[in-house]
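Visitor: I'd like a close look at one part of this model, please. Pick a single place where two pieces pack against each other, go through it slowly, and then lead me on to whatever else deserves a stop.

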Amino acid sequence: MMRKQSKDKKIIFIFDLDGTVTKQETLPLIANAFNVHDEINTLTHQTVSGNIPFVEGFIQRVSILGRFDVNEIRELLSNVELFEGIVDFINVHKDQCAIATGNCSEWVDGIAKRLDCECYSSSAVVEDDKIVKLKSILKKEDIVKSYQARGHQVVFIGDGNNDMEAMREADVSIACGLVHYPANSILSIADYCVFEEVTLLRLLQQINQPQLGNSVVLSCAGIGSRLGLAKTKALIEIEGKKLIHFQLDVFRQVEDLRVVIGYQARSVIEAVLELRKDVLFVYNHDYFQTKTGTSYYLGSRHANEYCVAWDGDLVVHPDDVDKCIDFKGEYVGCSDIVSEDAVFIKTDDKGRVQSFSVENGDYEWSGPAKIKRCNIKYLSTNVYNQIEGLLPLPFLKIRAQDVDTYADYKNVIQFIKSWPNEK
Ligand SMILES: [Mg+2]
C-alpha cells in the first residue's frame, strides 16, 4: 500500500489536539478540577483501550462534564500547557495547518485562540452556561478527506484511538508518543512514530521541504529467519549487549537517525528508548513480504538529501563508522570476504563498484551505502538491488561483519572482541 506523492500538491498538516499539541489530556484535567475524575478516568481508559467505541465514550463523558459551567471549563483549558515548538510550527505555517479535535469547541476555544490556524471540533448546545446536548461530533477522517478532495496532500499527527481513521486516510501519518505511549491501533497503521518534540519538528520540516545533509536509515524490521534465534536481529545480544545498542553507540553524533521497524516493533522501540528518545521510528508494516530494500525506501521518505543505508545486523568497526557517514556523495560499502552467505562485489579498473554477484567477486557487499534520496525507489527486494541501477559507484572499503547465520553470529563476537577499548 504505497501512497502516491506529488510534488505539486499543497501539503496540509492536521494535528490532533489532546496529547499531541497539549502537554496533558484535557478531559482528565477537567475531571480533576471538578472532582469527577474516577468516573471520567474509567471511561477514558475504556475508550483509549478500545473497549468502548470513541463516540459512545465521548457522549457519556460530555453528559458528566456538561453539569459544570462552560465558562469555567473554557477558562481552565485556556491555560493548559502546550508544546511550544509545535505551536510555533503551526503559527508559522498557519495556511498549511489545522487542528482536528473531538472535544467541544465550547470548551477548547481558549486553546484554539492560541493557535493561528483552522480548528475543527465537535459542538454542543449551551443553555445557562451549561452544555445541554451535543450538536455534532467531529469525524476527523472527514476533515482529511475534504482536504484531499481539494487536491491537497494530508499529513495527520495524532496519539489516540480516535485518530486512527484519520491516520488511515491521510497520505502520511505520524503517531505521537510525547505525552503517553501511542494507542496500539494507530501504531498498526502509522508511517512514523516519534517520542520527542524535536523529532516531530524535524520530520515536519523534512516533509514540508527537502532538507540538506545526511540521514541514517537503520533497518531493523526483519524476522531474522536465517539466524534461527526467533528474534529480530536488532534484539539479539552480543556479550550481554543488544545489537541495537551497539548501533546507537556508533550513531551518537547522527542527528537524523531513522530506525525502520516491523517484526517485534514494540520491543525494538523499547530497546531504543532505553538509550535514546529522539530517534525517528519508521514502520515497514509489510516486513514479512518485503526485504531491506523496502525498509531503506520507507526510511528514506522525507529524509535529508543523502541517506545512509545500514542494516540492523551490520557491525562496522567503530574507527570506520565516521567515514561511512561523512563520505562525500554516493558510495557502496564493502569489506574483505568473511561471511558464510555473502553477496560479492566486482570492481572495474577505475576501482569503482561495477556489479553485484552471488557467485564470486573481489569483495563482499557488506553495506552500508549512501545514496541520494531522490534516487531511492520503492522495491520489494534488497538494498543492493536498489543500488544496481545506479552503478558504477565509488566503493568504500571498511571492516565490517553482518549477522545472517549462526556462524556469522559467533564471528561477530570475535570481531567485537578485537576492537580497541571495546565498551
Ligand atoms: Mg489525542
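Guide: Gladly! Let's start with helix H5, residues 84–92, and helix H10, residues 197–208, whose axes come within 9 Å and cross at roughly 20 degrees. H5 is therefore roughly parallel to H10 (angles under 35 degrees count as roughly parallel, over 145 as roughly antiparallel, 65 to 115 as roughly perpendicular, and the rest as oblique). The crossing of H5 over H10 is left-handed, a label used if the near helix is turned anticlockwise from the far one by less than a right angle, with right-handed meaning clockwise. On the H5 side, the contact is made by Glu84, Gly85, Ile86 and Phe89, and on the H10 side by Glu197, Leu200, Leu201, Leu204 and Gln205. These residues divide into 5 nonpolar, 2 polar and 2 charged.

A word on what lies behind this. The model is predicted, and local features need pLDDT of at least 70, side-chain atom pairs count only at pLDDT 80 or more, while totals for chains, interfaces and linings use all residues. Residues are numbered from 1 along each chain as its sequence is written, and side-chain values use heavy atoms, leaving out hydrogens and water.

The terms are quickly given. Helices (H or I, at least four residues) and strands (E, at least two) are DSSP runs numbered from the N terminus. Axes are lines fitted to C-alpha atoms, for helices over the stretch in contact, and angles run from 0 to 180 degrees between N-to-C directions. Contact means heavy atoms within 4.5 Å. Ala, Val, Leu, Ile, Met, Phe, Trp, Tyr, Cys and Pro count as nonpolar, Asp, Glu, Lys and Arg as charged, and the others, Gly among them, as polar.

Arg202 counts as buried because its relative accessibility is 14% (buried means under 20% relative accessible area, exposed over 50%, and partly exposed in between, with a 1.4 Å probe and protein chains only). Apart from residues up to four places away in sequence, Arg202 touches Glu255, Asp256 and Asp278.

Helix H4, residues 70–78, packs with helix H6, residues 105–112, at an angle of about 30 degrees, their axes 7 Å apart. H4 and H6 are therefore roughly parallel to each other, and H4 passes H6 in a right-handed crossing. Here Val70, Ile73, Arg74, Leu77 and Ser78 of H4 meet Glu106, Trp107, Val108, Asp109, Gly110 and Ile111 of H6. By class, this contact has 6 nonpolar, 2 polar and 3 charged residues.

Next comes Tyr147, placed in helix H7, residues 140–149. Tyr147 has a relative accessible area of 8%, so this residue is buried. Leaving aside neighbours within four places in sequence, Tyr147 is in contact with Ile12, Ile14, Ala98, Glu118, Tyr120, His152 and Val154. The C-alpha atoms of Tyr147 and Lys10 are separated by 9.8 Å, though the two residues are 137 apart along the chain.

For another look at burial, turn to helix H11, residues 243–250, which is mostly covered, with 7 of its 8 residues buried. The buried ones are Leu243, Ile244, His245, Phe246, Gln247, Leu248 and Asp249.

The magnesium ion is coordinated by Asp16 (OD), Asp18 (O) and Asp159 (OD), at 2.1 to 2.2 Å. Donors are N, O and S atoms within 2.8 Å of the metal (3.2 Å for Na, K and Ca), and water is not among the atoms, so sites may look incomplete. The spacing of the donor residues in sequence is D-x1-D-x140-D, and both Asp16 and Asp18 are buried.

Finally, some backbone details. The peptide bond from Gly367 to Pro368 is cis, with omega near -5 degrees, and Pro368 is placed in strand S18, residues 363–372. Another cis bond runs from Leu391 to Pro392, with omega near 5 degrees; Pro392 lies in the loop between helix H15 (383–388) and strand S19 (393–397). Asp128, which is not a glycine, has a positive phi near 50 degrees and is found in the loop between strand S3 (118–127) and strand S4 (130–136). Its relative accessible area is 75%, so Asp128 is exposed.
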